[in-house]
Amino acid sequence: MPGAGADTTGVEESIALLSSFMSNDSTTEIERHLRALVAAGAAGDRLPSTRALVSQFAVSPLTVQNAMQRLAAAGLIETRPGTGTFVSARPTITRSDFSWQTTALGSMRTGHSVVGTAMSLDSTVPIAMHSAYPSEGLLPQRLIRQALGRAARRSPDIDRPLLGGMPELRAYFANEIDANTAARASGISSDDTIVVPGSQSALISVFRALAQPGDAIVMESPTYWGAIAAARQAGLVIVPIARGSQAPRAAELDEALETSGARLFYAQPHFANPTGALWTAAEAASLLDVIRARKAFLIEDDWAHDFGIDAQVRPLIWHDTDGHVVYLRSLSKSVSPSLRVGAVIARGPALARIQVDRTVTDLYVSGSLQAAALDVVTDPGWRSHLVRLRESLRVRRDTLAGYVVEHLGAETLTHLPKGGLNLWLRFDDGVDVARLVAECLSKGVSMAPGAEWYPAEPPGSFVRLNFSGPHPERFGEGVEVIAAALASRRALDGRKGTP
Ligand SMILES: Cc1ncc(COP(=O)(O)O)c(C=O)c1O
């Protein structure tokens, strides 16, 4: 098997190739024309007026302005009001000396490749199955536009909000813990809730607030790459415990906490990213018992709360009265990736420590975004949107799983997740996933290599395929590309093996 470095380069080259191909493809004719003028011209040269370009290309003034704006954003041109548009002055230095920074910065806490493919790769790949963000069609678009418009019109929403967040939004997140439960209320209130700009920043705040650099943190393995990166960024040492389609074993958690001295256990009990797996109620109860006995915290990342398909989420914090569970929830996937709003719920001194870290990091979350998010989730249309969303996710999941079984074999599908946005696939052990991913990407199909979800070496050849992004009509084509790439790899390996 070639070294990891060689594989990474293969993926990067393909990404670069593909993005240059795609940006050319989407560049308008007029933008290409302007870029050519800029390239041929000198700093200060005047470009044709909007009116001249409108008549030359027979397009609307808006199209010309959009092209101009893109060039201005790239620093290639500058507009002087009342005078015209000119080629910008370009820096003449082509080789700066940054070598002093090597000594000044020292070694890296996290590597360059710390950001997972799911986030770092552009989602304009023709069949993008690497990114776990639902496509626009699965978002409550009408509610979002309406809510953003209203938030812009109401003056309190553009004023400075309270540090912990808008009281009504905090109450919404707190009440969600008791939703769908006929039994007793959890006792969780808006006072236990802090509004955050997405759960990624909440993760690092929680890690920093509840542990010191050098401390250990137990994590399920595989788990969310962003949690692995945040823990390392906070200076924590990750102690992985194995998780497949089942929850980690309570005895294993107990041993990991005891031997490492960790007081934090980060976990995704519901539809975990990347596997989509779910803890059963019995598994959850025994893991919570260990947490209590060890006087530790369970950091419950409920990222997929709104994505239950065959099962609904009952947050574990509902069972906790003594502040052992710190709960994270986000709306950035189910409402909109542009409305980055979420919440942390915690009790006791832990809550106060997390609030301090949040304030020091971000001060507060934009009031307009909070107001818009609250508007969406309290609109009567939100509940019906969630019902439709679940049905669409079911159809997408089953369609993609069907193609996987047909073209890649039933043994490739680790299990059919009861919720979430992804399928978790396992290939034969000899499959070089990095090469396979790079090869598929060069054919316009992206997937996320499994190794990125492991804090240590992956115990097999895994990939994550997202079923909420590309149009289901293209699932079959996407899986066929993967099957063909696998077959050609096998043929190549077979030839290499022949004496
Ligand atoms: C498991 C998990 N937690 C947290 C996040 C961060 O989400 P956000 O910061 O968008 O709320 C993600 C995003 O993919 C995730 O998959």
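**Ligand shell, sheet and domain contact**

The shell around the ligand comprises three nonpolar, nine polar and one charged residue, where Ala, Val, Leu, Ile, Met, Phe, Trp, Tyr, Cys and Pro count as nonpolar, Asp, Glu, Lys and Arg as charged, and the others, Gly among them, as polar. Of these 13 residues, Gly198, Gln200, Tyr224, Ser330 and Ser332 come nearest; a residue is near the ligand if its C-beta atom, placed from the backbone, lies within 6 Å of it. The model is predicted: local features need pLDDT of at least 70, side-chain atom pairs count only at pLDDT 80 or more, and totals for chains, interfaces and linings use all residues. Residues are numbered from 1 along each chain as its sequence is written.

An automatic or database assignment divides the protein chain into domain 1 (4–87), domain 2 (115–132 + 383–497) and domain 3 (141–378). The C-alpha centres of domains 2 and 3 are 27 Å apart. Their contact (C-beta atoms, placed from the backbone, within 7 Å) takes 26 residues from domain 2 and 26 residues from domain 3. On the domain 2 side, α15 (380–408) and β11 (422–427) each supply at least two residues, and α15 gives the most, with six residues. Helices (H or I, at least four residues) and strands (E, at least two) are DSSP runs, numbered from the N terminus.

An open sheet of seven strands runs in the order β4-β10-β9-β8-β7-β5-β6, with mixed pairing; two strands pair if DSSP finds at least two bridges between them. The edge strands, β4 (193–196) and β6 (237–242), each pair on one side only. Within the sheet, β8 (residues 297–301) and β9 (residues 325–330) pair in the parallel sense over four bridges, and Asp301 stands opposite Leu328 in β9.

Key: Contact = placed C-beta atoms within 7 Å.
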